[in-house]
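Have the model open in your viewer and follow along from one element to the next.

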Amino acid sequence: YMGFKSVGSICKRLRDNGAPEETPMAMIESATTSNERAFYGTLASMPAVAKKHEAEISGPVLILLGPTAAFPAHLEKLSAGRPWKRTRTGSCDAC
């Protein structure tokens, strides 16, 4: 859950052990909060994506690997540009 700073070495070890470079990958910062942000790439490109956004990341990062990481792109294609994620309408502090 806190592997953001190690994503380069994680990707390298996975590739060294036979994982294909084109394997989809996603990093979700502050998942399920109003500050949630997602970054998408592949096993080959994710270290560069992480480095590009390194100064911006402040919350915990969840790393997803494999077909699940590519699912948001699939939803985007199916939605034809319509929003597929509901807009948050209020605080959930009282939940």
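**A walk through the model**

Let's start with H3: its 13 residues should span 18 Å at 1.5 Å a residue, and the end C-alpha atoms are 18 Å apart, so the two values agree. The expected span here is 1.5 Å times one less than the number of residues in the helix. Helices (H or I, at least four residues) and strands (E, at least two) are DSSP runs, numbered from the N terminus. Before going further, the ground rules: this is a predicted model, where local features need pLDDT of at least 70 and side-chain atom pairs count only at pLDDT 80 or more, while totals for chains, interfaces and linings use all residues. Residues are numbered from 1 along each chain as its sequence is written, and side-chain values use heavy atoms, with hydrogens and water left out.

Back to H3, which bends by about 25 degrees at Ala73; that bend is the angle between axes fitted to the seven residues ending there and the seven starting there. Pro72 also sits in H3, which covers residues 67-79. Pro72 counts as buried because its relative accessibility is 16%; the cut-offs are under 20% relative accessible area for buried, over 50% for exposed and partly exposed in between, with a 1.4 Å probe and protein chains only. The buried residues of H3 are Ala69, Pro72 and Ser79. They pack against S1, strand S2 (37-42) and strand S3 (61-65), where contact means heavy atoms within 4.5 Å. Pro72 and Ala26 are 46 residues apart along the chain, yet their C-alpha atoms are separated by 9.6 Å. Just after H3, Ala80 takes a positive phi of about 55 degrees.

Now zoom out. The protein has 3 helices and 3 strands, and from the N terminus on they run α-β-β-α-β-α. Of its 95 residues, 27% are buried. Take the contacts between residues at least 6 apart in sequence: 55% of them join residues at least 24 apart.

What about the inside? In soluble globular proteins, nonpolar side chains tend to be buried together. Here the largest nonpolar core has 12 residues, among them Phe4, Met25, Leu43 and Ile57. Helix H1 (7-16), strand S1 (24-29) and helix H2 (46-53) are the elements that give two or more residues to this core, and H2 gives the most, with 3. A nonpolar core is a set of buried Ala, Val, Leu, Ile, Met, Phe, Trp, Tyr and Cys residues joined through side-chain atoms within 4.5 Å. Val49, one of the core residues, touches Met27, Phe39 and Tyr40, not counting residues up to four places away in sequence.

Finally, look at the loop between S1 and S2, where you'll find Ser30 and Thr32. Most residues other than glycine have a negative phi. Ser30, though not a glycine, has a positive phi of about 50 degrees, and Thr32, not a glycine either, has a positive phi of about 70 degrees. Is Ser30 buried or exposed? Ser30 is buried, because its relative accessible area is 12%, whereas Thr32 counts as exposed at 66% relative accessibility. Leaving aside neighbours within four places in sequence, Ser30 is in contact with Asn35, Glu36, Gly59 and Pro60.
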